[in-house]
Amino acid sequence: MRRLLDGLYHASGMAAAVALVAILILVITQMVARWSGLLFPGGAQYAGYAMAATSFLAMAYTFNHNAHIRVALFVNKAGRYQRAMEVWCYTLASLAALFLAWYAVKATMLSARINDISQGQDATPLWMPQTFMAIGAVIFAIAVVDNLARILLSDFQGVDAAEHGKDWSDALLHSRISRAIMLAAVLIAVYLSLRTMTGFDRDAVALKIGIFLFVMFFLLGSGIWVGLALMGVAYIGMIGFTSRDPGNAMIITVWTSSSSWTLTALPLFIWMGEILYRTRLSEDMFKGLAPWMARIPGGLLHTNVVGCTVFAAVSGSSAATLTTVGKMSIPELQKRGYPEFMTIGTLAGAATLGLMIPPSLTLIVYGVTVKESITKLFMAGVLPGLVLAAMFMLYIVAWYYLRPSQRPAPEARVGFVDALKNSTLLIPVIALVVVVIGSMYGGYATPTEAAAFGVVGALVLAAMQGSLNRSTFLASLLGATRTSAMIALILMGAAFLSLSMGFTGLPRALAAWIAEFDLSPIALIAALTVFYIIIGMFLDGISAVVLTMAIIEPMIRAAGIDLIWFGIFIVVVVEMAQITPPIGFNLFVLQSMTRHDITYIAKTALPMFAIMVLMVAIMVAFPSLATWLPERLLAQ
């Protein structure tokens with residue numbers, strides 16, 4: 001039975017990978033048809049359907065590989081109560097997954113019964129693409145319930161047991177009977193809570209805020225996976241403050257958000273980064289940079305910043321940037337005697353540039369959420385990203401002069417000719433950057449089409465280099481599939497939460513309440529900086545963006561703040577979230593790479609955090625830093 005279920009999850013992941021390849025083929029076909037002056041009716045819709053298929057079919061596979069995000073801090077600190085906490089988490093996750101699966105199947109059957117068709121040029125019967133949604137949601141529900149059953153019936157510790165090294169030797173609930181009683185207690189608690197949460201006064205704004213915040217932090221803090229926790233919060237809002245059917249509202253929103261043409265850029269950029277990470281292209285990039293960086297005060301520490309800047313321009317992911325550059329630079333810098341504090345700290349901060357320098361996954365998510373041009377957002381991120389990188393390098397130079405006792409032995413001088421020879425190793429990656437970014441800025445390609453350029457270009461370069469084989473291709477494809485499904489589940493939960501908040505009227509009421517304070521735009525930005533720093537301690541960047549935009553966007557529009565500028569501001573404060581404990585993803589990645597205590601890693605990243613706070617002040621003082629380039633290029 002175990003082999004059958006694991007085979008089902010793997011087959012579902014492989015099907016999702018095929019759907020991701022289909023996205024690439026459809027985007028390329030659409031692009032070639034447009035350049036040729038031909039029509040490809042429904043091409044964008046088909047790519048959107050493939051995006052939904054990728055997202056849903058990969059959910060179970062992603063869950064089984066522990067790639068969905070959850071805040072497991074309290075679970076890991078629960079001591080003897082760890083098993084009880086996991087029963088709680090997996091029970092609630094099972095209920096949420098079953099709820100999603102039930103309505104996904106219902107929606108698909110309804111579309112087939114009434115012969116509902118797409119509103120686009122393709123006129124596709126919707127039950128056909130929605131079948132992938134239903135199948136994926138059902139397999140996902142099976143996977144979550146399967147893991148709950150394993151916890152109840154055996155000593156299985158959950159999908160993340162190996163990563164966190166759990167010790168249940170003295171944990172409670174040793175017998176199956178005691179675990180069954182715990183399961184029953186959780187189900188009763190959920191039932192009573194839902195009964196208690198129904199029928200509140202629609203106009204009770206303070207009560208809405210209190211309930212939303214309490215349920216949100218309670219579910220997230222207790223270890224429920226972020227996407228499912230957001231769906232739970234949205235469900236509570238729907239049954240508490242509206243008379244609408246939460247299930248039908250949810251599935252319509254989830255389907256619409258997951259089958260978006262704009263969103264197809266996300267898995268393609270992720271796939272491009274995975275290809276670079278798993279082939280020799282990233283290693284060659286370090287070899288090409290090292291001879292030039294050694295000449296600057298601070299030496300090879302600058303390879304952390306420049307390497308992250310270059311890789312960010314073809315990755316879009318902070319975690320991918322950190323992992324790729326860190327695997328190259330950490331061993332080399334340790335071998336050359338650079339202080340561990342500076343090596344880890346500069347890498348932690350510089351890797352956040354993957355969120356700002358285009359293509360940026362966070363900017364794609366932000367653009368989709370607030371319905372702003374992703375191309376303009378990408379343009380806006382270039383100058384602030386370069387300025388922030390320069391500030392990181394100035395910090396290294398300052399360390400070099402202020403701490404002369406910590407300097408390593410000088411690097412052997414490499415001649416100019418040899419340095420130029422090594423620089424040829426940079427040509428493939430720089431060419432890829434130019435093609436991806438230049439195709440967007442030159443108006444030849446949309447962000448999604450540029451992402452397709454990036455994938456094809458990375459595959460061609462890796463093949464020419466001889467580091468592309470069946471194993472690396474499949475690993476990059478499945479890695480991109482898992483990351484895409486993780487982000488998609490969070491976006492689905494956030495879309496449902498945004499709908500729920502809209503029905504309750506909370507964003508409008510909260511915006512009106514803040515408007516009463518008559519804050520100036522600068523005061524509002526200062527307050528939001530503190531707000532995002534605080535929530536960034538508990539949420540990853542994408543979750544923080546999609547979770548708050550329903551409330552924040554009306555306030556920003558009312559204050560007259562440019563949404564393009566605000567997108568770059570959001571990225572800077574979200575970058576801080578990557579290196580702030582207790583939930584700083586870059587800190588966790590570095591912990592796994594260096595085996596240092598997370599407290600030590602957080603201390604090394606503290607100066608980089610201060611530099612990002614200074615960057616916010618610079619952006620407020622010079623807003624054209626973010627707005628000048630998109631205005632200039634679009635005017636041309």
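I started with Trp-565, which is buried at a relative accessible area of 6%; buried means under 20%, exposed over 50% and partly exposed in between, with a 1.4 Å probe and protein chains only. This is a predicted model, where local features need pLDDT of at least 70 and side-chain atom pairs count only at pLDDT 80 or more, while totals for chains, interfaces and linings use all residues. Residues are numbered from 1 along each chain as its sequence is written, and side-chain values use heavy atoms, leaving out hydrogens and water.

**Entry 1: rings.** I looked up the aromatic pairs and found 18 in the structure. Rings of Phe, Tyr and Trp (its six-membered ring) pair if their centres lie within 6.5 Å; planes under 30 degrees apart count as stacked, over 60 as edge-to-face and the rest as tilted. Trp-565 and Phe-569 have ring centres 5.8 Å apart and planes at 5°, so I noted this pair as stacked. Both residues lie in helix 26, four residues apart, about one turn of the helix. Helices here are DSSP runs (H or I, at least four residues), numbered from the N terminus. Phe-569 is buried too, at 1%.

I also found a cluster in which ring pairs link Phe-63, Tyr-90, Phe-140 and Trp-225. The charged end of Arg-70 sits over the ring of Trp-225, 4.5 Å from its centre. For that label, NZ of Lys or CZ of Arg must be within 6 Å of the ring centre and within 35 degrees of the ring normal.

**Entry 2: helix 17.** Is this helix enclosed or open? I checked residues 361-370: eight of the 10 are buried, so helix 17 is largely enclosed by the rest of the structure. Among the buried ones are Leu-363, Tyr-366 and Val-370. The buried residues pack against helices including helix 12 (265-278) and helix 26 (563-577); contact means heavy atoms within 4.5 Å. At the start of helix 17, a side-chain oxygen of Ser-360 comes within 3.3 Å of the backbone nitrogen of Thr-362.

**Entry 3: helix 11.** I tested the length of residues 246-258: at 1.5 Å a residue, the 13 residues should span 18 Å, and the end C-alpha atoms are 18 Å apart, which agrees. The expected span is 1.5 Å times one less than the number of residues. Asp-245 caps the N-terminal end, with a side-chain oxygen 3.0 Å from the backbone nitrogen of Gly-247. Buried residues of helix 11 include Met-250 and Trp-255.

Technical notes
Helix = DSSP H or I, 4+ residues; strand = E, 2+ residues; numbered from the N terminus. Polar contact = N/O pair within 3.5 Å; in protein donor to acceptor, adjacent residues only side chain to side chain.
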